[in-house]
Amino acid sequence: MAQYQERHALRRKWNVIAEVLRRGLDFKFIWYRFRWNWVADHDLVLDAPLNLDIELTEACNLACVMCVHGTTGVPITGRLDVKLGRKLLDQAAEMGVCSVKFNWRGEPALHTGLESLVAYAKKVGIMEVQINTNGIPYTEKRIEKLIDAGIDRIIVSIDGASKKSYEAIRVGSDWNRLIKNVKLIHEIRTSKGQAKPFIRIQMVHMKENAHEVEQFVDMWKDIADDISIKDVSNRGQGSGLFAGNQIATGRRRCNQPWQRMVVARDGKVFPCCSDWDRSYEIGDARETSLTDIWHGRKMEDLRDINRQARLDEEDLCRNCIVETSYEWRKMTADELAAHEHDKAAGVSDEGRFIRADKINAIGKVQ
């Protein structure tokens, strides 16, 4: 296999078609989604990124085992100034940005201005406004306000199909409150007779929940418009949580430098969602326009790194957590044995994904 194979991939393709149909054949939306991968495949730098991630805060109310919030921690946290957020949205709309996602490294619901920024984004004409959330810091009233603000997509990260596994992975969470809140999103949307927000439920597949994949799909199939299950990546906690059977064998052009930019809550701009360490700053939105940053030298340098297949030479890209920047295949029995041997011996893979050149040689594995 050349590309990463996600679980239930065929079902997810149908979900995309179903969403387009529920939107009423919005051709602007279809054109936006068509270009999502096409721009990178054809090396087309648009006038604006298709998506702009705007971080509301890097703080989080949970300490998940596969996240820096649960391992090293995040030493400095703050909140996006609402005036800066509106300035960014004005620029995004003027540039022609199709999608805005209000988060990056933290939980967006911890920002009290979330709903007002969603409403402002829709007011200035952003086609798709979305968030990733753990689903916990909400009340029924706040969920209704968020839906009334016009949010298009809510992506809820759950990572378990039982109270025991979920609360062990998402440390500090509350299973019963999560279930209640997700159901409320669906119920309030239904009561208003709306197609949106589209609800995506996602799970990071790892050794703690590997036995619950089918149960997870079954429990959410009547509520979620989309269900995503991907293997855990290494965000500094090592590879001991890994439970998949795919292995990265090489690098390929990453789509993100053609698709998106990320604005941290302090206005600093980064090229992709995987730069959690903020190692490759490409500009400051408080001083420079988003257009100039998007077409700036540092962003173009990163595209050149991808064009020339030099990803392993750049610190940002070398240990990337974006699966589309790798070539993939299934592990052999020997490679699976080698990986289990390494885990038992306490040897941690240095890469963000399990890579063929990082597995310990125990005889047959080269």
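Modeller: A crossing is left-handed if the near helix is turned anticlockwise from the far one by less than a right angle, and right-handed if clockwise. Helices (H or I, at least four residues) and strands (E, at least two) are DSSP runs, numbered from the N terminus. In this predicted model, local features need pLDDT of at least 70, side-chain atom pairs count only at pLDDT 80 or more, and totals for chains, interfaces and linings use all residues. Residues are numbered from 1 along each chain as its sequence is written, and side-chain values use heavy atoms, with hydrogens and water left out.

Biologist: In which hand does H3 pass H4?

Modeller: The crossing of H3 with H4 is right-handed.

Biologist: Which residues of H3 and H4 make the contact?

Modeller: Contact means heavy atoms within 4.5 Å. H3 contributes Val82, Gly85, Arg86, Leu89 and Asp90, while H4 contributes Leu117, Tyr120 and Ala121.

Biologist: Which residues of helix H5 are buried?

Modeller: Buried means under 20% relative accessible area, exposed over 50%, and partly exposed in between (1.4 Å probe, protein chains only). In H5, residues 140-148, the buried ones are Arg142, Ile143, Leu146 and Ile147. The arc is taken from the directions from the helix axis to the C-beta atoms. These residues lie on the same side of H5 because they cover an arc of only 140° around the axis. They pack against H4, strand E3 (128-133), strand E4 (153-157) and helix H7 (175-191).

Biologist: What follows just after H5?

Modeller: Gly150 is found there, with a positive phi of about 105°.
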